[in-house]
Amino acid sequence: AGWLHTFESRDRLILTDSWGFQVFSLWLSKQWRPLAKLKDDGVMFASPYDGSTHFFSPTNVVDMQRKFWSDIMMMLDVCSPVTDISKDTVADHMRITHRWAQEAFAHHMASYDTHRWVLFPIVQWWLYKDLRQESAETLATYAKDGIAIWGLSVGETKEEMWDILSSLMPHLPDDKPRYLMGVGTPEDLLMAIEHGVDMFDCVMPTRLGRHGNAFSEEWVLKLRNSKYFNDFSRLDRSCQCYTCRTFSRSYLHHL
């Protein structure tokens, strides 16, 4: 298909994940628990589609993302569950992730000057401030081009999320992009920007869109509701985008 940029007809940067979260979701789910196994040198898993076995290592996920011609790549990390797990186990996962980071970046930096790709380390470890600080200080040594933050907006309260983020940010490089993974409501974006976050990604906009929901000055509009059948007002009176300038709520309800 000509790699990601040609396939998507996109002439701007493309960021790819390491699939760590997707693989470990098999490991964490009771339904799929036999399908994934954490090992010291990576994770072995079976496809839920056809049962074929695969192995992800800190180095081969970098190579795969390079083959896709990704611009900004993520390292492979151990995605610890947020419940039913001890702090000692989380700390073990952190140490494995730090070892994987060392392997991944040694592999990546060997050809750094001859390629266009960059690689981000990922800081996580739930609501444990001491582990997050330790991980941030360790992984900051690999943050040549940027650093990612994961494990927020996964079940904790808003207050807990902002408390963790505010305590973590001073330990991250302030001269490199800081990327908060999986966070996407408008209020969360604005709060994170105030805390010094630069980059975001989230499935929420596309997921809401395909279910007929839209963000607006009135928060989320559920456009499939019957009350929009004869509502010929704009989607958002303060927005000047193509959709808000062109179509009524009634027409969007019709679509």
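Buried means under 20% relative accessible area, exposed means over 50%, and partly exposed lies in between (1.4 Å probe, protein chains only). The structure above is a predicted model, in which local features need pLDDT of at least 70 and side-chain atom pairs count only at pLDDT 80 or more, while totals for chains, interfaces and linings use all residues. Residues are numbered from 1 along each chain as its sequence is written, and side-chain values use heavy atoms, with hydrogens and water left out.

**Exercise 1.** Find out how D188 and K158 pair, and what their salt bridge ties together.

Step 1. A salt bridge is a side-chain nitrogen of Lys or Arg within 4 Å of a carboxyl oxygen of Asp or Glu. The closest N and O atoms of D188 and K158 are 2.6 Å apart, and the two form a salt bridge.

Step 2. Because D188 belongs to helix α7 (residues 186–194) and K158 to helix α6 (residues 158–168), the pair ties together parts that are 30 residues apart in sequence. Helices here are DSSP runs (H or I, at least four residues), as are strands (E, at least two), numbered from the N terminus.

Step 3. Now check accessibility: D188 is buried at 2%, whereas K158 is partly exposed at 35%.

**Exercise 2.** Follow the salt bridge of E218 and R249 to its network.

Step 1. The side chains of E218 and R249 meet at 3.0 Å, N to O.

Step 2. E218 sits in the loop between β11 (213–216) and β12 (219–222), and R249 in helix α10 (residues 249–254), so this pair ties together parts that are 31 residues apart in sequence.

Step 3. Salt bridges with shared partners join E218, D231 and R249 into one network.

Step 4. E218 is partly exposed at 43%, and R249 is buried at 5%.

**Exercise 3.** How many salt bridges does the rule give?

The count comes to 10 salt bridges.
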